[in-house]
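Please open the model in a viewer and keep the sequence panel beside it.

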Amino acid sequence: MAATKARRPLQCLLNSKALWGARRSFGAIPERSIPSSASSSSSSSSSSPSQQIISLEYEYSAHNYHPIPIVFSQAKGSSVWDPEGNKYLDFLAAYSAVNQGHCHPKIVKALQEQSEKLTLSSRAFYNDKFPVLAAQLRSIFGYDMVLPMNTGAEGVETALKLARKWGYEKKKIPKDEAIIVSCCSCFHGRTLAMISMSCDNEATRGFGPLLPGHLKVDFGDIAALEDIFKEKGNQIAGFLFEPIQGEAGVIIPPDGYLKAVRDLCSKHNILMIADEVQSGLARSGKMLACDWEEVRPDVVILGKALGGGVIPVSAVLADKHVMLCIRPGEHGSTFGGNPLASAVAVASLDVIKDEQLVERSAQMGEELRKQLAELQRQFPDYIKEVRGRGLFNAVELYGAALSPVSAYDICLKLKERGVLAKPTHNTIIRLTPPLSMSADELREGAKALHDVFEIDLPRMLRTKPENSTPNSPHVCDRCGRKMYGA
Ligand SMILES: Cc1ncc(COP(=O)(O)O)c(C=O)c1O
């Protein structure tokens, strides 16, 4: 995308006189170097509005993220504007929470209308919206019941509690001996239970002790899963997995894996628990990523796009013989199933259906991968692999060839060219735009990536410091193996 074209000002953002004069500043404020304006509580008046906001956050917010330095001020569909009025194309979609596109009018309308009527009852009482959502989830996904929560991590946590409860009540696992098996490189969120399954040292170091009752197995390795089921099957309540691993870098399991998991779980009386928080709701070109092999897990967790990018909504789906193992008082959340979130979720699901986002994602994904494959053909020394399903895609780079330039540095350059993407690990760029993105916008994104490789990267490599540290692979604290970026 031509940089000038990417920066068309949004008129309504420019009503303020201050913004007219604001100059775009691409200066990253990396966490490692505190900007001078961030070291005092008042921002320098000479810096741009974006710079001031970044400084404010740096000063007053925990440094638990390392953002690409762009400030979202307004967004519509696939486009985002910063406070200076520069326009960008969003190729992250808030980690797939904005599948329907930013500020979708039908979803925003549902939010507005419901917010004027009733926002919260707590489930100490009934409200007239949650049951409507529950029935809609039943009719779309075919599970008897839903347990509503808010964030994805809470949804997964709920599914694990449900599995343990089912394990003790129905499978008769001895007290406190239930095991959950999960996959190497998984990502299920940031709570203590979630990081107790993580292979990401940054997520776990300094947060111990991790919770007991977890065993790991390589994602995609059905023989290893069978071994662990044979050895410990009597104690295993559930096998938790992402049908496509998102944070690990959009890792797709070998063909037949999901079916084989289904068979093994049935054989050993173990709950098959699919975390579809990121892969679900049309992201992969199917309603659920498990639909790629037409398997029906025992438990499904939804989140992110269930709230249409507007409000956190998550849901655990299961049949009665599992779900009714949890009884009144045993689990809950003040905001889970609140009427505002429920109205938004109903509208979010309607938009997925009405706008045929499943089909769109499948079709647009193919288009995008064709363009990315062409890019790989042009830059075979840098691009190791292009992979994905639907609009759930990743470009994996050769870490050593690029070193010390990282996927993060590439994303900074993409941002300068008006495209927003986020790296995962040192060498992978995830491309997960809103499913409503047009073919032209997808082409603009691929063109920007092309220009970064052709124009920016040679310059970056020429100017790399002599003593820079190479991109080193991540060695897992749990098992000592080289993982991401190897
Ligand atoms: C597969 C998966 N599960 C769970 C989560 C956690 O969701 P949340 O950040 O809403 O807690 C994520 C977040 O990225 C995810 O990708």
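Predicted model: local features only at pLDDT ≥ 70, side-chain atom pairs only at ≥ 80, totals over all residues.

Two strands are taken to pair if DSSP finds at least two bridges between them.

**The whole chain**

Begin with the protein chain in cartoon view, where 17 helices and 15 strands can be found. Of its 486 residues, 48% count as buried. Among contacts with a separation of 6 or more, 74% are between residues 24 or more positions apart.

**First sheet: β11, β12, β15 and β14**

Select these four strands, which form an open sheet in the order β11-β12-β15-β14 with antiparallel pairing. Strands β11 (383-389) and β14 (422-424) are the edges; each has a single partner strand, so one side of each lacks a neighbour in the sheet. From one strand to the next, the twist averages 25°.

Which residue of β12 is the bridge partner of arginine 389? The partner is phenylalanine 392.

Then colour residues 358-385, where UniProt, in an unreviewed entry, places the feature "coiled-coil region". In the model this stretch is 75% helix and 11% strand, with its end C-alpha atoms 24 Å apart.

Serine 79 has leucine 89 in β3 as its bridge partner. The two strands form a hairpin with five residues between them, and glycine 85 in the turn has a positive phi of about 90°.

Show the side chains of β3 and inspect both faces: Lys87 and Leu89 lie on one side, Tyr88 and Asp90 on the other, and all are buried. Strand β3 also pairs with β13, here in parallel through two bridges. Aspartate 90 stands opposite leucine 420 of β13.

**The ligand and helix α7**

Centre on the ligand and display the 15 residues around it, of which Gly152, Ala153, Gly189, Val277 and Gln278 come nearest. By class, this shell holds five nonpolar, seven polar and three charged residues. Which helix gives the most to the shell? Helix α7 (residues 152-169) does, with three residues.

Move along α7 to alanine 159. Is this residue buried or exposed? Alanine 159 counts as buried because 29 C-beta neighbours lie inside 10 Å, and the cut-off for burial is 20 or more. Alanine 159 touches Ile273, Val299, Ile301 and Val316, leaving aside residues up to four places away in sequence. Valine 300 is 141 residues from alanine 159 in sequence, yet the two C-alpha atoms are 8.1 Å apart.

**Strand β4 and its partner**

Select β4 (residues 145-149), of whose five residues four are buried, so the strand is largely enclosed by the rest of the structure. Strand β4 pairs with β10 (residues 314-318) in the antiparallel sense over five bridges. Methionine 145 has alanine 318 of β10 as its bridge partner.

**Backbone geometry in the loops**

Most residues other than glycine have a negative phi, and most peptide bonds are trans. The remaining selections depart from that pattern.

- Glycine 208 to proline 209: this peptide bond is cis, with omega near 0°. Proline 209 lies in the loop between α9 (201-204) and β6 (214-217).
- Serine 403 to proline 404: this bond is also cis, with omega near 5°. Proline 404 belongs to the loop between α15 (399-402) and α16 (407-416).
- Lysine 172: phi is positive, at about 60°. The residue sits in the loop between α7 and β5 (179-183), and lysine 172 counts as exposed because 8 C-beta neighbours lie inside 10 Å.
- Valine 250: phi is again positive, near 55°. This residue is in the loop between β7 (236-241) and α11 (257-267), and valine 250 is buried, with 27 other C-beta atoms within 10 Å.

Key. Residues numbered from 1 in each chain as written. Near = placed C-beta within 6 Å. Nonpolar A, V, L, I, M, F, W, Y, C, P; charged D, E, K, R; others polar. UniProt positions renumbered as here; feature names shortened; annotations may be inferred. Buried ≥ 20, exposed ≤ 12 C-beta atoms within 10 Å, placed from the backbone. Contact = placed C-beta atoms within 7 Å. Axes fitted to C-alpha atoms, helices over the stretch in contact; angles between N-to-C directions.
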